[in-house]
Each structure stands twice: as structure tokens, then as C-alpha cells.
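The following note is written for a colleague who is new to reading protein models. Please keep the sequence and the structure in view while going through the numbered points.

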Amino acid sequence: MRRPPSAEPFPPPVRASLDSELPSTRGGPVTPDLRWQPSSPAPPPEPWSGGGPTIPGWLEERLFDQRIVMIRGPLTGPAASAIAAALLTLDAAGPEPVQLHVASSGGDLNAAHAVIDVMDAMAAPVHAVVTSEAGGAVLAVLAAAGRRSAYRHARFKLVEPRAAGVTGTADEVAAAAGQHLRELEEVVLRLVEVTGQSRSRIEDDLSAGRVLSAAEARDYGLIDEIVGKA
């Protein structure tokens, strides 16, 4: 016969002591290891707003306090959104110039236009400094700056920005190709205006992937001056 509920035996008490879970040793007390051990690897840190390798948070804050925004690595959509937010914040903080440090070989053309639109709308002037390289769609961002300079070992690659991969119907692909050509024409016209070069020369150099040194970029009209001793 089943016992009534009141007669059910209670389970043995559970000891809450850490000592009960530690192996016993001879010759001395056991020191518990209370360090937390994650069951899975910690996720990698988020990249800084510039899109490149992670930099310390304190350094990011110091740069921002000095009104410096960086484009590092490929200019992607998320990176462009973060750069645009930083530019807008500094523009709202005061009219002093914002320094845009560029170290990028290219990126997405749509992302570049997102940054350019913000730069065109800013009241504070933007001074761009190429610290290592600038190419592709990033050249359009450089051309949008009010003042442009570069370190003497910086390199510039005139290369036509590539269109992002598009899938869909033939009409959708054709529409995307037409939009890319219109955006590319905007880049060419901006480079013509800034450099003073002819449109045909800009288009030829973009097609050939011409590479310029800092001194050549200055003579070409891409930058105004070289930082430091020549």
C-alpha cells in the first residue's frame, strides 16, 4: 500500500558548502578555485567605428575629443553609418574643423556616398588626411573634404569602384547596373571638379588603376599639401 503524503520520507538535506564539492587531499587544506570558467569562447570585440582593427576605448575617446574621425580598412555600410554618426555629433558640438584620417584602399560606393552626404551637409569644415592609402570609392570621400593632405609615404590608387553583387531578374540587375553607373558618374564629376583634370583623363586613370605617390597626388590635384618634410 502507498503511504499517505504525510508519511513520505524527506530527501536528504543538500549541503551548500564549497568543501563538499572539493576533492580531499592529504597534508593540507584545499584552496577552492573560484575563477569563473566560461563554457564557450568569449565573442571577439566589436570593431571601432572606423571599420578597421579594434583600438582601445580610451584611445577612441581621446581621438574623438580632438575632433578626429578615422576611416580604416574597407568602407562598408556599417562603418559608414558609424562614421556619419561621429561626424554629425562633432558638427553639432561646435564649428571647429573635423579631421578625417583616411587609411582605406576602397569600399562600397553606396557607403561612400552616405559619408559624402553628411560631409556636404555639415556646417563645420572637414579636413582629410591620408595617413597610409586611399583608393576606390574612398577617393570620392577624400574629394568631398574642404582641405586635403597626406603623409609623404601615402599612396593613392585611382580605381573604379566595383558594384555590389546583385541577384534577381534581368530587369532588377539592369536597374542596379544603371544606378551604379549614375553614382560612378557623380564620383568622376567630383574628381574633375577637385583636381582640374579632364573627364577623359579621370576615366582613363580609373580604368587603368593608376597608382600615385603623395607628391604625384599633389601635382594631380587630389591633395593640397604633404604633411611633414618632403
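Predicted model: local features only at pLDDT ≥ 70, side-chain atom pairs only at ≥ 80, totals over all residues.

**Note on the helices and their surroundings**

1. His113 is buried, because its relative accessible area is 13% (buried means under 20% relative accessible area, exposed over 50%, and partly exposed in between, with a 1.4 Å probe and protein chains only). This residue is found in helix H3; helices (H or I, at least four residues) and strands (E, at least two) are DSSP runs, numbered from the N terminus. Leaving aside residues up to four places away in sequence, His113 touches Glu183, Glu186 and Val187, where contact means heavy atoms within 4.5 Å.

2. Residues are numbered from 1 along each chain as its sequence is written, and side-chain values use heavy atoms, with hydrogens and water left out.

3. The overall composition is as follows. The protein has seven helices and seven strands, and from the N terminus on its elements run α-β-α-β-α-β-α-β-β-α-α-β-α-β. Of the 230 residues in the protein, 37% are buried. Among contacts with a separation of 6 or more, 65% are between residues 24 or more positions apart. The protein exposes about 14,300 Å², of which carbon and sulfur atoms supply 55%; accessible areas come from the Shrake-Rupley method with a 1.4 Å probe, and for residues only the protein chains shown count as cover.

4. H3 has 13 residues and reaches 19 Å from its first C-alpha to its last, close to the 18 Å expected at 1.5 Å a residue; the expected span is 1.5 Å times one less than the number of residues. Its buried residues are Leu109, Ala111, Ala112, His113, Val115, Ile116, Val118 and Met119. These buried residues pack against helix H2 (77–93), strand E2 (98–104), strand E3 (126–135), H4 and H5.

5. The buried residues in H5 are His180, Glu183, Leu184, Val187, Val188, Leu191 and Thr195. An α-helix has 3.6 residues a turn, so residues three or four places apart point the same way. The cover over the buried residues of H5 includes helix H3 (109–121), helix H4 (138–144), helix H6 (199–208) and helix H7 (214–220). After H5 comes Gly196, with a positive phi near 80°.

6. The packing of H3 on H5 can be given in numbers. Their axes come within 11 Å and cross at roughly 50° (axes are lines fitted to C-alpha atoms, for helices over the stretch in contact, and angles run from 0 to 180 degrees between N-to-C directions). H3 is therefore oblique to H5: angles under 35 degrees count as roughly parallel, over 145 as roughly antiparallel, 65 to 115 as roughly perpendicular and the rest as oblique. The crossing of H3 and H5 is left-handed, that is, the near helix is turned anticlockwise from the far one by less than a right angle, whereas clockwise makes a crossing right-handed. In H3, Leu109, Asn110, His113, Ile116 and Asp120 meet His180, Glu183, Leu184, Glu186, Val187 and Arg190 of H5.

7. The axes of H5 and H6 come within 9 Å and cross at roughly 120°. H5 and H6 are therefore oblique to each other, and their crossing is right-handed. On the H5 side, Glu185, Val188, Leu189, Leu191, Val192 and Thr195 make the contact, and on the H6 side Arg199, Ile202, Glu203 and Leu206.

8. Asp204 also lies in helix H6, and it counts as exposed because its relative accessibility is 51%. Asp204 and Leu158 are 46 residues apart in sequence and 9.5 Å apart in space, C-alpha to C-alpha.

9. Arg67, in the loop between helix H1 (57–65) and strand E1 (68–72), has a positive phi of about 60° although it is not a glycine; at 12% relative accessibility Arg67 counts as buried. Ser213, in strand E6 (residues 211–213), counts as buried at 19% relative accessibility. Ser213 touches Ala154, Arg155 and Phe156, not counting residues up to four places away in sequence.
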